Amino acid sequence: MTLADRTTRIAGSPTMKVTATVDRLRRSGVEVIDFGAGEPDFPTPDAIKAAAHAALDANFTRYTPAAGIADLKRAICDRYRSDYGVEYTESEVIVTAGGKQALYNTALSLFGPGDEVITHAPYWPTLTEQIKLADATPVLVRTHPEDGFAVHAKTILDAVTPRTRGIIVNSPGNPTGALIAEAELKAIGEVAARQGIWVVVDLCYEKLIYDRVPHNLPRVLAETCRDQAVLCGSASKAYAMTGWRCGWQIGPAPVIAASAAIQSHSTSNVTSITQKAAVAALLGSQAPVTAMLDEYRKRRDRLHAWLAADPRLRCRKPAGAFYMFVDIGDVLSTEGFRTSLDFADALLDESRVAVTPGEAFDAPGTIRISYATSMENLEEGSARLLQFVGRHAPHAATAR
Ligand SMILES: Cc1ncc(COP(=O)(O)O)c(C=O)c1O
């Protein structure tokens, strides 16, 4: 059987693989603590669900414009205006099936054969796979645990070549939770404007930032390289709407028009009912977002305190998103677990705790723990994790 060449260049989503394994185990009656899930454990807020019910009752169940209904495009523009002080119009916005499609539309609209696209590692694997699906080449710039996986303009710009067509920044980042500083993005934006390079920001976790730090990336881009900038956002994490599939892409009208054309021949519109729900999410009270963020913060702090009890589990409190990114290098050895993949497999097998191994993010020697789960699960799961490490790596007990 001969498949298209592009299928040989991409792999399935490794983060979704963890979810599928957990599902399979649970269906066969095995109780598992799931630290793999990259999605809120909260239900979608009531007001959003009510808007969906109302849409159904009003028989709002037909095709909509492929790029989304005008109400929702306006709601997105309104939200970005009030959150960031930036002005976009309806022709500069398209409604997409999650942040994933916003990023994919962007890749297909902007990148092609021979192009290089720079992004920072560790990274969410979809970003690089989408670049490859667009027949372009991902160029990776490493970030490091010593400075909290900060993204530095200098290292990004040092990777620019005459073939560089785009730079993708994910902030808050998955899996590290790190934020890019505004000054760093500004420096990137200025070079991008001069050299005609696209700057794409993945803002999927934009509502999940724990401290009051400046993070007005849309404004920075509007001021430095508006004509070269694309913002990709999502209702998934902010409003606990992962299954509804709603995101958006904001950028120069020609890019949005090209993306709308691509989308009109592939998926067409986002589910009509979802779109009405998203209007309610964006225009309604943002109190549920704050309440969820407060709960994530408590979990982050407790989880960090529990894990810090073992110096071999090196981690910092993330600034955003809902992942603790743990360096387990001190637990790996040639006699025991050689890789974080081995470690994660054995942890699931033996202690029934699912974590995502760093290999999924091009960061071997690490694991990602999602704290989008209850405090009870976090307490029990981290106790199991600590016991597991104690059993398997007693030799490294005073590693740090
Ligand atoms: C960094 C990042 N960007 C974008 C997305 C896309 O999410 P969705 O398509 O559900 O909006 C995710 C989902 O996990 C993510 O982690």
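Tutor: Let's start with the lining of the largest pocket, which divides into 9 nonpolar, 14 polar and 9 charged residues. Here Ala, Val, Leu, Ile, Met, Phe, Trp, Tyr, Cys and Pro count as nonpolar, Asp, Glu, Lys and Arg as charged, and the others, Gly among them, as polar. Do keep in mind that this is a predicted model, where local features need pLDDT of at least 70, side-chain atom pairs count only at pLDDT 80 or more, and totals for chains, interfaces and linings use all residues. Residues are numbered from 1 along each chain as its sequence is written, and side-chain values use heavy atoms, with hydrogens and water left out.

Student: What makes a space a pocket, and what makes it a cavity?
Tutor: On a 1 Å grid over the protein atoms alone, a cavity is a set of points where a 1.4 Å probe fits but cannot get out, while a pocket is an open set with protein on both sides within 12 Å along at least five of seven lines; lining residues have an atom within 4 Å of a point. The largest pocket has a volume of about 680 Å³, and among its 32 lining residues Met16, Gly38, Glu39, Lys237 and Thr242 are the closest to its centre.

Student: Which element gives the most to that lining?
Tutor: α1 does, with 6 residues. Both α1 (14–27) and α4 (98–110) give two or more.

Student: How many cavities does a search of the whole structure find?
Tutor: There are 3 of 30 Å³ or more. His120, Pro122, Asn170, Gly173 and Thr176 lie nearest its centre.

Student: Which residues of α4 and α9 meet?
Tutor: With contact meaning heavy atoms within 4.5 Å, Gln101, Asn105, Thr106, Leu108, Ser109 and Leu110 in α4 meet Val255, Ala258, Ser259, Ile262 and Gln263 in α9. By class, this contact has 5 nonpolar, 6 polar and no charged residues.

Terms used:
Grid points are joined across faces, edges and corners, and a volume is the space filled by probe spheres set on the points. Helices (H or I, at least four residues) and strands (E, at least two) are DSSP runs, numbered from the N terminus.
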